[in-house]
Structures are given as structure tokens and as C-alpha cells.
Amino acid sequence: MVGLAVTIVRCIGILAVLSPFGSTIAGQVQKPSLQVPSSALQHREDVKDIFIESYNAYRKFAFGHDDLLPVTKNFSDGRNGWGASIVDGMATMQIMGLDDFFNEAVNFVGKIDLSESKTSDAVRQVISTRRTARRF
Ligand SMILES: *[C@@H]1O[C@H](CO)[C@@H](O)[C@H](O)[C@H]1NC(C)=O
């Protein structure tokens with residue numbers, strides 16, 4: 001499991017290099033003459049706020065499960081119940097500089113038991129292993 005966490009962190013590191021939000025290890029990525037509208041900074045903050053609000057709802061009602069069901073404030077586990085939303089969100093957390101979420105996610109990912117599915121047998125039969133593996 002540590003191997004998976006390390007792989008994810010490596011992938012996120014690559015994304016962070018390309019990030020308009022922070023790291024500039026790779027140097028100039030965008031066209032130097034690119035003009036962004038003056039509202040871009042505000043839009044960036046708005047997107048970050050929406051992510052924080054949404055992820056906090058996931059944390060409150062569905063943490064550790066695959067997906068939040070926002071209307072019923074419940075969860076679903078269509079991807080083996082390994083916390084797919086956490087894994088999916090890690091690159092975003094890193095790019096947005098949300099270190100508390102990211103560190104919580106790294107800690108969670110290191111404890112996923114990939115040998116045990118929490119998805120019901122009926123659902124599991126329909127979901128291909130390949131699709132799940134791609135997501136993780
Ligand atoms: C929430 O979802 C779980 C898993 O599908 C289900 O077992 C449980 O009954 C649901 N709880 C509520 C309050 O709907």
C-alpha cells in the first residue's frame with residue numbers, strides 16, 4: 001500500500017509542476033504573452049472554495065466510501081468501497097495547495113485493503129476490474 005501511495009504522490013508531483021496554482025519547478029509553461037482576464041484570480045479562488053465545500057460534505061457524510069450521495073446525505077460504494085473520491089481528489093488537493101486534505105488522503109490511501117471489496121456481489125459483477133484499476 002505504501003507503494004501505491006508513493007506512486008500517487010509521484011503522479012501528483014508531475015501535475016504540480018504543470019500547475020497554474022503553485023509550483024514552477026518546470027519553469028515557464030504557459031505562453032509568456034498569454035493575457036488572462038482580471039477576473040481570473042477571483043475565479044480561481046471560487047473554484048477552490050467550491051472544491052473545499054464539496055469535499056468537506058464528502059468528508060462529513062461519506063468519508064472512506066467511493067461517492068457522496070448529496071441529496072440523501074449518504075454514500076455509495078460502486079468502486080469496491082476503497083474511497084475512490086479521496087483518490088480522485090488527491091491531484092486537485094495538491095494543485096490547490098490543500099495540504100491538510102492531501103495529508104489526510106495520503107494517510108487513508110496507505111491503509112486501503114485492495115484485497116477486499118466492499119461492493120455488493122451484484123454490482124461487482126458488472127464493474128470491470130480494469131475500470132477500477134484505472135481509477136486507482
Ligand atoms: C446509506 O447507504 C447505505 C449503503 O447503501 C445503506 O445501507 C443505508 O441504509 C443508507 N442509510 C440511509 C439512512 O439511507
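Q: In which handedness of crossing does α3 pass α4?
A: This is a predicted model, in which local features need pLDDT of at least 70, side-chain atom pairs count only at pLDDT 80 or more, and totals for chains, interfaces and linings use all residues. Residues are numbered from 1 along each chain as its sequence is written. A crossing is left-handed if the near helix is turned anticlockwise from the far one by less than a right angle, and right-handed if clockwise. By this criterion, the crossing of α3 past α4 is left-handed.

Q: Which residues of α4 make the contact with α3?
A: Two residues are in contact if their C-beta atoms, placed from the backbone, lie within 7 Å. On the α3 side the contact is made by I86, V87, G89, M90, M93 and Q94. On the α4 side the residues are F101, F102, A105, F108 and V109.

Q: How many nonpolar residues has the contact of α3 with α4?
A: Ala, Val, Leu, Ile, Met, Phe, Trp, Tyr, Cys and Pro count as nonpolar, Asp, Glu, Lys and Arg as charged, and the others, Gly among them, as polar. The contact of α3 with α4 has no charged residues and two polar ones. Its nonpolar residues number nine.

Q: At what angle do α3 and α4 pack?
A: Axes are lines fitted to C-alpha atoms, for helices over the stretch in contact, and angles run from 0 to 180 degrees between N-to-C directions. The axes of α3 and α4 are 9 Å apart. Their packing angle is about 145°.

Q: Within what arc do the buried residues of α4 fall?
A: A residue is buried if 20 or more other C-beta atoms lie within 10 Å of its own, exposed if 12 or fewer, and partly exposed in between, with C-beta atoms placed from the backbone. In helix α4 (residues 99-109), the buried residues are F101, F102, A105 and V109. Seen down the axis of α4, they line one face of the helix, because their directions fall within an arc of 95°. The arc is that of the directions from the helix axis to the C-beta atoms, and its value here is 95°.

Q: Which exposed residues does the face of α4 turned away from its buried side carry?
A: An α-helix has 3.6 residues a turn, so residues three or four places apart point the same way. The face of α4 turned away from its buried side carries D99, D100, N103 and N107.

Q: Is N80 buried or exposed?
A: N80 lies in the loop between β2 and α3 (84-96). Its phi is near 75°, a positive value in a residue other than glycine. Because N80 has 22 C-beta neighbours inside 10 Å, N80 counts as buried.

Q: Is K73 buried or exposed?
A: K73 is not a glycine, yet has a positive phi of about 55°. Its place is the loop between β1 (67-69) and β2 (74-76). With 11 C-beta neighbours inside 10 Å, K73 counts as exposed.

Q: How far apart in space are A62 and F75, C-alpha to C-alpha?
A: A62 belongs to helix α2 and is buried, with 21 other C-beta atoms within 10 Å. Leaving aside neighbours within four places in sequence, A62 is in contact with D67, L68 and F75. A62 and F75 are 13 residues apart in sequence, and their C-alpha separation in space is 5.1 Å.

Terms used. Helices (H or I, at least four residues) and strands (E, at least two) are DSSP runs, numbered from the N terminus.
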